[in-house]
Every structure is written in C-alpha cells, then in structure tokens.
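Notebook open, structure loaded. I'm jotting things down in the order I looked them up.

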Amino acid sequence: MSEQDKRPDFSADDSIKKRDFSFFYDVVKLVSGNGFVQVLRAILSPVISRLYLPEFFGITQNFSSIANILAVIASLRYDQTIMLPKEDEKAANQFGISLLFIGITTPLSFLLVLFFRDDLAILLNSPNLANYLWFVPLQVFAIGLFTVLKQWNARKKRFAHLSIAQVVNGVTIDGMTTGFGLASQASSSSMIISRISGQALATLTLGLLVLREDGKFLFNHIKWQNMKEGMKIYKKFPMFNIWASFLSTLALYIPGIILSGYFSPTIAGYFSFGQSVLRLPIALIGVSIGQVFFQRGAKAYHEGKLRETVEEAFKRLISFGMFPMLVIMLIGEPLFATVFGAEWAEAGVYSQILSLWTLSIFIAAPFGSITNIMSRNEVSVALNLIKVITGAGSLVIGGITGNIYLGLWLFTITGILSYGWFILWATKASGIPFNRTVKYFTNNLFLCSPFLLVIYLFQRYNPISVRKITSLGFSLQSVSLIIFSGIIGIIYYLYVIYRDPSIHDAIKHIIEKRIK
C-alpha cells in the first residue's frame with residue numbers, strides 16, 4: 001500500500017475536505033524526520049562550540065561555500081525539471097540528463113581546484129585551506145547527486161525517504177564532529193571530514209532507496225533520444241535557471257568568503273555559527289515546506305489552483321517563522337553567550353542584526369520554485385543578481401571601513417528589501433492581492449506582539465540575580481531569561497497549532513498512526 005493510500009479518507013466530511021490536509025501531512029512527515037536532526041544538532045551544538053575555535057568554523061565554512069557554489073550548477077539545473085513533466089517516463093529522462101551533466105562537471109571542478117586552490121586559500125586568509133580543497137570535487141559530486149535523488153523522491157512523494165537521508169546526514173556530521181572533538185582532534189580538517197562523510201552517506205542511502213523502488217523503471221525508460229528531447233524542451237534551465245541558482249547560492253555563501261578575506265576566518269566563524277543557529281527554523285520547517293510545495297505547486301499550477309497552494313504555505317511560513325527570529329533579535333547575545341560559551345557572544349550580536357534578514361529568507365525560499373513552475377526564470381536571475389551585488393557591496397563597505405557592524409546592518413537592510421520584493425512578486429504572480437499579503441504579515445505581528453512583550457519585560461525587569469556561576473561561565477539571570485523565553489515560545493506554538501486545523505489534524509493523524 002502506498003503512502004497516499006494510508007492517509008485518512010475525509011470524503012464524508014466537507015469541512016475537513018476543504019483543508020489542505022495532504023499538504024501538511026507531507027510537511028509534518030518531513031519535519032518529524034528532520035526534527036530529530038535539528039534536535040540532535042541543538043543538543044550537540046553547545047558541546048561542539050566549546051570544543052572548536054571560531055576559526056575552525058570559518059575555515060570549514062569556506063570549504064563548504066566553495067563546494068556548494070560549484071555543486072548547485074553540477075547538473076546545469078536539469079534536476080529542477082524532474083518535477084515538471086506530467087508523465088513519469090519523461091521525468092525519468094530528466095533524471096538521466098541530470099546525472100549526465102554531473103558526470104561532466106565534476107571533473108571540471110577538479111581542474112578548478114588544481115589550478116586555483118592556492119590562490120583561493122590566500123584570498124580567504126586561510127593558507128591551510130589549500131590542502132582541503134582537493135576534496136571539493138568529491139563533495140560537489142555527492143551534493144549534486146543527492147539533489148537529483150531528492151527531486152525524484154519528492155516527485156514520487158516519498159518524503160519518508162528524504163527524512164531518512166536527512167537523519168543519516170545530520171547524525172554523521174554532528175556525531176563525527178563531536179567525536180573528533182572529545183578525542184582531542186578538534187580542527188578544521190576534522191570538521192571538513194565530518195561534512196564530507198555525512199553528505200556521502202546520505203547520498204548513498206537515498207541512492208539505494210531509489211534503486212530499490214524505481215531502479216528498474218529508470219533503467220527501462222531512460223533513452224538517449226528522449227534525453228535530447230528533454231534538453232530542448234527545458235533549454236531555459238541551463239540558460240537562465242542555472243544562473244539564478246548560482247547567484248542564489250553565491251548570495252548565501254559569499255558573506256563568509258568576504259568576511260574571511262577582509263577580516264579573518266574567526267570573524268567568518270562567528271558569522272557562520274550564528275547563521276547555523278538562526279537557520280534551524282529554516283532547516284526544520286522552511287526546507288520541508290519548500291520540498292512539498294514544489295511538488296504540489298507544479299500540480300496546482302496545471303490545475304489552476306496555484307493561489308490556494310501558495311496562500312496556505314505563505315500563512316504558515318509567517319506564523320512559524322516570525323516569532324523565533326524576533327526573539328533572537330531581543331535576546332541573541334545572552335542566548336549565545338550562555339548556551340554556546342562566552343567566546344560566542346559576538347556571534348549572538350551578529351545574529352541579532354541578521355535575524356530579520358533570516359526571516360525574509362525563511363518566507364521567500366520555499367517559493368523560489370514558483371519561477372520554475374511558471375517558466376519565469378528571468379525573475380530569479382534578476383533577483384539573485386540584485387542580492388549578490390547589494391549583499392557583497394554591503395559587506396565590502398564594512399570591510400573597507402573596518403566596521404563589521406556597519407557591513408552587517410547594510411547587508412540586512414538590502415537583503416530584506418530584495419527578499420521582500422520577491423515575496424510580493426511571488427504572491428502577486430500566484431493571484432494573491434497585495435493588501436492580503438500585507439494583512440498576513442500584520443496579523444501575525446499582532447499575534448506575536450503580546451508574547452514578545454512579555455519576554456521583553458522579563459528581560460528588562462528580570463528579578464533574578466546577575467550573580468555568575470563561575471564553574472559554568474554564565475549568570476543565573478541569563479539562564480532564567482532563556483528558560484522563560486523557551487516557555488513562552490512553547491505556549492505560542494501550541495496556540496498556533498491549536499488554531500490551525502490543517503496542521504493540527506496532520507500532527508494528530510501521524511501520532512495516532514505511530515501509536516498503533
């Protein structure tokens with residue numbers, strides 16, 4: 001019996017039928033698997049942050065930045081076309097095209113490393129990075145292949161398989177990183193080895209699952225003539241979408257590269273670690289909604305129901321993403337200093353500045369596929385070009401003036417404007433009126449305000465002593481603020497879930513099924 005068949009039949013209840021239960025059922029399944037990874041990461045992060053220096057995070061981020069920037073164009077973005085054909089037979093050939101170009105581009109990445117690795121290491125103020133760049137082609141291949149397999153699984157609605165792969169990746173990376181640190185082998189090389197191993201095992205896991213379920217089908221239907229036809233039909237992807245994706249990934253990773261070059265790997269490490277914490281909600285919820293939305297959105301567009309799908313996802317992204325980012329803006333510095341160690345207080349300050357920028361990414365990122373669905377790839381190119389120019393320019397100004405805070409504030413403001421423009425374009429293109437989009441923002445801001453006000457008042461008039469607990473390195477006042485904020489956060493999300501029937505029913509059904 002397929003996963004779809006296991007879902008409850010709501011045909012007898014018109015009020016439930018109208019809810020997009022199926023959408024959130026798939027989202028909750030992804031979140032449940034990804035949630036384990038994020039909880040594990042949240043538990044181990046305070047340990048890892050005390051075992052590794054900020055500089056190690058910066059060098060590791062430089063390696064990941066280079067690998068991810070190259071990996072995003074490994075398939076020439078034909079992986080994005082796997083979701084688009086109506087017939088699985090045609091989608092199988094898009095799968096084959098993607099694998100073909102990964103096999104071509106991976107050796108080219110080796111040539112780039114061969115000729116430019118020393119120059120890159122010097123540019124990034126990380127001489128030792130040159131030795132690690134030999135592993136970039138391996139990481140490019142693993143990430144590129146994983147992306148193709150992920151798209152095929154999403155098309156087939158096998159979101160449980162994606163959850164398994166995410167768990168393998170997260171457990172391997174965090175487990176190995178922690179293990180190396182506890183064994184007194186903490187270094188940038190051990191962090192890089194952990195990331196390579198996690199990605200390789202996740203790709204292998206997902207690959208074996210695809211072979212088991214669809215291997216015979218793929219082998220029987222991938223034909224060279226059909227692949228050539230598919231290349232022609234979706235020729236806009238290597239012409240336009242590849243640049244949009246490249247620029248989008250460049251916009252994501254170029255901050256660490258610029259900060260490392262203008263300041264130091266340590267500053268880049270603060271930024272990298274702060275972003276990894278800020279992105280927990282994106283990794284937990286935003287990515288899951290994005291994966292399900294691409295599959296649902298393509299189908300809804302063909303059926304003339306794209307507005308309803310976008311609107312449902314948009315409302316939930318705001319209600320789940322706004323609150324934690326605003327909390328970080330309030331208590332970022334004491335949170336980081338207490339949970340991750342006093343040396344990470346600076347990362348907390350960075351996170352406070354970048355919190356609203358991260359919120360705009362959280363809301364906008366899942367709708368990036370709308371340009372693919374509507375064949376408006378030029379919009380992605382324009383948006384991402386603006387993001388790269390304004391984001392890089394902001395941080396370069398900070399680097400030239402020697403003022404990291406100025407650079408981060410400019411980066412945040414320009415980022416909010418760029419992503420805000422895209423959100424308005426995506427909702428309007430989907431048929432959602434401007435005033436309705438603004439209404440969702442303002443309504444949720446009003447919903448968050450009482451909870452945020454309580455946290456702010458507790459922070460300002462905290463009756464707990466500021467006395468330091470010297471053995472642990474933090475104050476009772478900071479601990480009480482974090483615990484209080486966590487309790488308020490739980491109350492807020494319970495209220496959000498309670499007042500949202502679709503999510504409430506999806507969670508309830510999955511819990512009941514697992515209990516049985």
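Are helix 3 and helix 6 oblique or parallel to each other? A caveat before I answer: this is a predicted model.

**Entry: the helix pair.** I started from the general point that two packed helices are described by the angle between their axes and the distance between the axes. For my pair, the axes of helix 3 and helix 6 cross at roughly 50° and come within 9 Å. Angles under 35 degrees would count as roughly parallel and 65 to 115 as roughly perpendicular, so helix 3 and helix 6 are oblique to each other. I also looked up the hand: helix 3 passes helix 6 in a right-handed crossing. On the helix 3 side, the contact is made by Phe63, Ile66, Ala67, Asn68, Leu70 and Ala71. Helix 6 brings Val136, Gln139, Val140, Ile143 and Gly144 to that contact. Reading those numbers, I kept in mind that an α-helix has 3.6 residues a turn, so residues three or four places apart point the same way.

**Entry: helix 3 by itself.** I checked its length next. Helix 3 covers residues 54-71, and at 1.5 Å a residue its 18 residues should span 26 Å. Its end C-alpha atoms are 25 Å apart, which agrees. Then I checked its cover: 16 of the 18 residues of helix 3 are buried, so I noted the helix as mostly covered.

**Entry: positive phi.** Leu76 has a phi of about 55° and sits in the loop between helix 3 and helix 4, the latter being 88-123. Lys157 has a phi of about 60° and is not a glycine either. I found Lys157 in the loop between helix 6 (136-155) and helix 7 (159-182).

Which of these counts as buried, and which as partly exposed? Lys157 has 14% relative accessibility, and because buried means under 20%, Lys157 counts as buried. Leu76 has a relative accessible area of 21%, so Leu76 is partly exposed.

**Entry: the whole chain.** I zoomed out last. The protein chain has 20 helices and two strands. It runs to 516 residues, and 55% of them count as buried. For contacts between residues at least 6 apart in sequence, I got 82% joining residues at least 24 apart. The protein chain exposes about 22700 Å², with 66% of that supplied by carbon and sulfur atoms.

Definitions and conventions:
Residues numbered from 1 in each chain as written. Predicted model: local features only at pLDDT ≥ 70, side-chain atom pairs only at ≥ 80, totals over all residues. Heavy atoms only, no water. Helix = DSSP H or I, 4+ residues; strand = E, 2+ residues; numbered from the N terminus. Expected span 1.5 Å × (residues − 1). Buried < 20%, exposed > 50% of the residue type's maximum accessible area, 1.4 Å probe, protein only. Contact = heavy atoms within 4.5 Å. Areas by Shrake-Rupley, 256 points an atom, 1.4 Å probe, with all protein chains shown as cover. Axes fitted to C-alpha atoms, helices over the stretch in contact; angles between N-to-C directions. Parallel < 35°, antiparallel > 145°, perpendicular 65-115°, else oblique. Left-handed = near helix turned anticlockwise from the far one by under 90°.
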